[in-house]
Amino acid sequence: MGEKFRLIIDKIFDPAKHYALEEAMMRIMNEDESYPNTLRLRRVKKSVLIGFLENPYDTVNIDFALKNKVNIIRRHNLGGTVYQDLGSFMFTCLYRNGSFISYLNEEDTYNEFSELIILFLNKFGIKGKRRGLNDVVVNDKKIFGSSLIKLGDSISFTGTILVDIDLEFLSKVLKFINSKFSDKNFSNLKDALTTISIELNKKIKIKEAYEKFLESFKEKFNIDFFRKKIGNKEMNLMKKLYYDKYGKWEWTFGLEKDYEEIYTKKIKSGLVIIRGKFKRIIEEIKIYGDFLFSDIEKIKEIEKSLIMKNYDEAIDILKISSLDFTLKEGLIEILNEIKNEKRGQ
């Protein structure tokens, strides 16, 4: 008998309500030790989902999206901007620290879920391969991406699988950012992505994808499921978070300030962007990007710790921080670049 997970397959197609529920579930799990580990499958109507540290004006063709009634919403986790419609599905594996695979570090956790997706694709006769930290590709074209976030003792791993999504429409909604694909031979988003339906040359229904995914999850992790609807406590907190946070324009578009000075660096998990006001010391600094890191609050703490520091002091702070090694090295390289630039002025 395997470990038991609650299984939820809901019909919340509004992305703002979807992320409000995601946060509600994490909060309740963190506070209530009886809250069960949960696997949730869901879809959204035409939506652009912005990574927590991304600027929608940088990644989305806003006018086109609004004209075509595409929802634009900032996520609560890190990673890149993605477009989704009812031809894709997302899963969230929500589990408590001390259970399931929580003993794994972040890279090994991403690897485990990549292996899950490779197993899932194999059930369709498709050969998938892991690329980078959080992607699975077929013939070097992305078919799956994921993100990990933690809140206290709750851990949420979220993945998106492209089943039968409209890639032509996607390539018009999202901007192609050259620096994100500097190590790949693509000149547009449509050529960088693929779907299960494209690979099989036939339309695949979401129901069939769900069935094979659940079969793969059971097989990979030795999990049994029990079905249970979303509870009243979850729904009430979801509504509060929706009205107070995710449903507000400011949550997605209300950036604090735009800065003239912008520096970027490509790292293993994505693109790091630093914006701010840099003189002899760091007067203001904001860290953006589509990179992956599970502790968002740590990013905010780092920003505060670097303000009014000279560049050597800031680099020393980063060196002893608990940031992921590649993220840390990327930030240090950018600060060294700024230091050398300011020295020559």
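1. A nonpolar core is taken here as a set of buried Ala, Val, Leu, Ile, Met, Phe, Trp, Tyr and Cys residues joined through side-chain atoms within 4.5 Å; buried means under 20% relative accessible area, exposed over 50%, and partly exposed in between (1.4 Å probe, protein chains only). The model is predicted, so local features need pLDDT of at least 70 and side-chain atom pairs count only at pLDDT 80 or more, while totals for chains, interfaces and linings use all residues. Residues are numbered from 1 along each chain as its sequence is written, and side-chain values use heavy atoms, with hydrogens and water left out.

2. The largest nonpolar core has 59 residues, and Leu39, Phe100, Phe113, Ile196, Phe213 and Phe217 have the most contacts inside it. Helix H8 supplies the largest share of this core, 7 residues (helices are DSSP runs of H or I, at least four residues, and strands are runs of E, at least two, numbered from the N terminus). Another core, of 53 residues, lies apart from it and includes Ala24, Val44, Trp251 and Ile315.

3. Beyond its neighbours within four places in sequence, leucine 39 is in contact (heavy atoms within 4.5 Å) with residues including Phe5, Leu7, Phe91, Phe213 and Phe217.

4. There are 28 aromatic pairs, counted when ring centres of Phe, Tyr or Trp (its six-membered ring) lie within 6.5 Å; planes under 30 degrees apart are stacked, over 60 edge-to-face, and the rest tilted. Phenylalanine 91 and phenylalanine 213 form a tilted pair, 4.8 Å centre to centre with 35° between the planes. Phenylalanine 91 lies in strand S6 (residues 88-96) and phenylalanine 213 in helix H8 (residues 206-221), so this pair ties together parts 122 residues apart in sequence.

5. Phenylalanine 213 also pairs with phenylalanine 120, edge-to-face, at 6.0 Å centre to centre and 75° between the planes. Phenylalanine 120 lies in helix H4 (residues 106-122), so the link to helix H8 spans 93 residues in sequence. Both phenylalanine 120 and phenylalanine 213 are buried.

6. The structure holds 25 salt bridges, each a side-chain nitrogen of Lys or Arg within 4 Å of a carboxyl oxygen of Asp or Glu. One of them joins glutamate 23 and lysine 245 (2.7 Å, N to O). Glutamate 23 is in helix H1 (residues 15-31) and lysine 245 in helix H9 (residues 232-246), so the bridge ties together parts 222 residues apart in sequence. Glutamate 23 is buried at 6% relative accessibility, whereas lysine 245 is partly exposed at 23%.

7. A network of salt bridges links Asp10, Glu22, Arg40 and Arg42.
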